[in-house]
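These are my notebook entries on a structure that I went through element by element. I set down what I looked up and what I found.

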Amino acid sequence: MADRAKFLAAVTASLGRTVVLVPNPDSATAGFDDGVLAKSNAEMAMADANTRSRELVDQMADAAATAGWKVHRACNPETASDLVASICEEKKASSVLRSKHEVLDQIGIESAVTSTGATLGITEHFGDNSSALVDNSKSSAFSADIGITGVDYAIAETGTIVLHPRSGLSRLISLAPPTHIAVLRHGEVLDSLDELFAMERSDFMSGKLAGSMNLISGPSKTADIEGTTVTGIHGPLEVHLIILDHG
Amino acid sequence: MKPVTINFRSKAAQTLADAQIQQSIEHVYTGFFKGRLLAAAETDNWEDLRTKGKAIKDHTIAHLDYYLGMLADSVEKNGGRVFFAADAAEARQYIIDLAHKRNIKTVIKSKSMVSEEMGLAEAMNTEGFETVETDLGEYIIQLANETPYHLIAPAVHKSRSDVAKLLDDDYKDGDRIPDATELTMMARKKLRGVFERADMSVTGVNFAVAESGSIALVTNEGNGRMSTTVPRVHVAVMGMEKIIPSIQDLSTMLRILIRSATGQRISTYVTMVNGSRKFDEEEGPEEFHLVIMDNGRQKLLEDPQMRESLNCIRCGACLNACPVYRKVGGHAYGWVYPGPIGAIVSPVMTGVKDASNLPSASSLCGACHDACPVKINIPRMLLELRWRTAEGSTDKDERTSSAKERGIWKAWRVGMMGRKRFDIGSRLANLAMRPLAKNGWLKKAPPPISGWTSTRDFPTISARSLKSKLSKRSKGGK
């Protein structure tokens, strides 16, 4: 603590002051509302996601394609299920991992994957984080061929899916396997990053902020060798977004 | 990293003579510079976003003590540990001690310019930890035992055959040069094993959110996600200026950072970390440490003329826009931060004396100011530093001009300040030049004028001033 006090006192002195000046509410930053505004912004964002769902889903499909997702539209759960099965076949997948997202059960993921001869696993420790369990699920994620998740939100502005890692939603299944499939429903698409962070702030103000959040927009890529864009340096080489339009 | 800013001229000359590097760094213009222009053009409110970004940073830096305190409280509330480091050595020692205490074997590093200030990877390897850079560009640079060439494209100066030699021991000159995809897949394979066994990670911080204690990491490759997922200990390192008040300020900052850096609307991954993993999470680090480093930033903060440089969000746009950087390359600048931003922060952070050539490495064209997402007026600060090194400072370590140089310019000023003095001075200069001139041009001259005549001719100063010529003409003469 001594280090901290010394460090901060020096910063105060560098600013030409002797005491820490509490900033006046500043229009430059959103950090000054007491949570009421954040809450109403968040409610508006969710209402918007529902009332404008059709339009936002179409925008999302376009932006996602630009970001490098292979976008598929499925008019019913059976079509979505067939799409998953055909990707498993195309990739000759033998090991597939899924998250606990409800939408995956809705499209019958179990039979879609197992019908192709692949195994379907789920990472869920129920809070038991003994190192053997964690190591085991780590190596299964690193050796899996495909990871399948739903989305917590999506962002139409940027073609992004948002995941809050939690019980039943491993961080690795959307990262380690060479192929990632995300399944998206209407009502899950937010207009822009502003709405997402308004919801995050509302969660923070009410003490519900998750441990981490991942925004994913397309396949892993690099242009570090002669400026040539190559996909799949550390994360997935190929990412599929299946949009479930009804059901 | 030990600054070698004193070598600017020799290093620049070396790069100018290297045809391969000249070709390789062209990408910062054709790729990044043009990409940023396109991205800005397709963003309706681009100028408003820049104005807002600048306002957020101005506000935060003006209350940096308040927000740093808030950030530390928030991180601790989330269960993380905060270490304030006065300089690079303290920060490095904290991380090394932590690694020893936790019996760490393998450390993965995600791109961080602050860790370059510490020379961290090298120091940790020396301490016996297997320490591997995981950003592809940084990995290449580590294998080559060099320093980054660019803020976001560390290996932009390397050709495919250079990379092939580094990644593949069997590769020889004359072999078929692998394409970028083949080389990238070679690196993927090598780094996968490292990710799987890593037990500690060190990442940078793109933005630290004071209110919630979150850090945001922006990557395209996914190494940032691997680093915040697999190892049991995560250490994030940041310069003390990399802070914003609220999560809601992030949308503006991400929009301007990413468009300015690569021209993308968003990077493939934006990872928000709010401390170590929650109890019901499937994986993630058991410990989270945030190292907040000063290392000379207070000198920028306390200097009203230079404070604005702390608004920098390290996008690299000023490098890509700079006609000097695009020729002399990243290593000439001699420290962690190259290009126009390096030319203003390195002299203050590492000492003006050795770095006095840096502020002069600019044509003052203003392209860096136009490109900056937070509108930092870099040319103004370049001029300020030039003035200090020439005559503005009384500190001998800052005023690097020689007494002779100052004497010459003083005489010049005196000579320019009266009609008669000016006419006599011109006359004398003409007489002095005449024996060396040919048809009104000086092709060769003794020092210090040889600095000019070695690359171009110098016109002989006329014996008669324009005024006397004109007055003669108006009287009917010639």
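**Entry 1. Two helices of chain B**

Which residues in H20(B) and H21(B) meet each other? Before listing them I note that the model is a predicted one. On the H20(B) side I found B:Val414, B:Gly415 and B:Met416, and these meet B:Arg421, B:Phe422 and B:Gly425 in H21(B).

I then looked up the geometry of the pair. Helix H20 of chain B covers residues 403–416 and helix H21 of chain B covers residues 419–433. Their axes lie 7 Å apart and the packing angle is about 120°. H20(B) and H21(B) are therefore oblique to each other.

**Entry 2. Domains of chain B**

I next looked up the domain assignment of chain B. The assignment gives domain 1 as residues 63–295 and domain 2 as residues 403–474. I looked up the separation of the two domains of chain B, and their centres, taken over C-alpha atoms, are 56 Å apart.

**Entry 3. The sheet of three strands in chain B**

I turned to a sheet of chain B with 3 strands, which is open and runs in the order S11-S12-S13 with antiparallel pairing. At its edges I found strand S11 (437–438) and strand S13 (458–459) of chain B, each of which pairs on one side only. Strand S12 of chain B, residues 441–442, pairs with S13(B) in the antiparallel sense over 2 bridges. Which residue in S13(B) is the bridge partner of B:Trp441? I found B:Pro459 in that place.

**Entry 4. The sheet of six strands in chain B**

I examined another sheet of chain B, open and built of 6 strands in the order S1-S10-S7-S4-S2-S3, with parallel pairing. Here the edge strands are S1 (81–85) and S3 (130–133) of chain B, and each pairs on one side only. Neighbouring strands of this sheet are turned against each other by 20° on average, direction ignored.

S1(B) pairs in the parallel sense with strand S10 of chain B, residues 287–293, over 5 bridges. Within this pairing, B:His289 in S10(B) is the bridge partner of B:Arg81. As a reminder to myself, strands of a sheet pair through backbone hydrogen bonds, either parallel or antiparallel.

**Entry 5. B:Lys77**

I looked up B:Lys77, which lies in helix H5 of chain B, residues 64–77. Is B:Lys77 buried or exposed? I counted 11 C-beta neighbours inside 10 Å, so B:Lys77 counts as exposed, the cut-off for exposed being 12 or fewer. I also checked B:Lys77 against B:Gly275: the two are 198 residues apart along the chain, and their C-alpha atoms are separated by 9.3 Å.

**Entry 6. The contact of chain A with chain B**

How many residues does the contact take from chain A and from chain B? I recorded 66 residues from chain A and 73 residues from chain B. On the side of chain A that touches chain B, at least two residues each come from helix H1 (2–14), helix H7 (131–143), helix H8 (193–205), strand S9 (212–216) and strand S10 (221–222) of chain A. H1(A) gives the most to this side, with 8 residues. By class, I noted 29 nonpolar, 24 polar and 13 charged residues on the side of chain A that touches chain B.

I then found strand pairing that joins the chains. S9(A) pairs in the antiparallel sense with strand S9 of chain B, residues 269–273, over 5 bridges. In this pairing A:Ser212 stands opposite B:Val273 in S9(B).

**Entry 7. Totals for each chain**

Lastly I recorded the totals. Chain A has 8 helices and 12 strands, while chain B has 23 helices and 13 strands. The C-alpha atoms of chain A fill a box of roughly 70 × 45 × 45 Å along the principal axes; for chain B the box is roughly 95 × 60 × 45 Å. Of the 247 residues in chain A, 50% are buried, and of the 478 residues of chain B, 51% count as buried.

I also looked up the sequence separation of contacts. In chain A, 77% of contacts between residues at least 6 apart in sequence join residues at least 24 apart. In chain B, 73% of contacts with a separation of 6 or more are between residues 24 or more positions apart.

Technical notes: Residues are numbered from 1 along each chain as its sequence is written. Chains are lettered from A and ligands numbered from 1 in the order in which they are written. This is a predicted model: local features need pLDDT of at least 70, side-chain atom pairs count only at pLDDT 80 or more; totals for chains, interfaces and linings use all residues. Domain bounds come from an automatic or database domain assignment. Helices (H or I, at least four residues) and strands (E, at least two) are DSSP runs, numbered from the N terminus. A residue is buried if 20 or more other C-beta atoms lie within 10 Å of its own, exposed if 12 or fewer, and partly exposed in between; C-beta atoms are placed from the backbone. Two strands pair if DSSP finds at least two bridges between them. Axes are lines fitted to C-alpha atoms, for helices over the stretch in contact, and angles run from 0 to 180 degrees between N-to-C directions. Two residues are in contact if their C-beta atoms, placed from the backbone, lie within 7 Å. Ala, Val, Leu, Ile, Met, Phe, Trp, Tyr, Cys and Pro count as nonpolar, Asp, Glu, Lys and Arg as charged, and the others, Gly among them, as polar. Angles under 35 degrees count as roughly parallel, over 145 as roughly antiparallel, 65 to 115 as roughly perpendicular and the rest as oblique.
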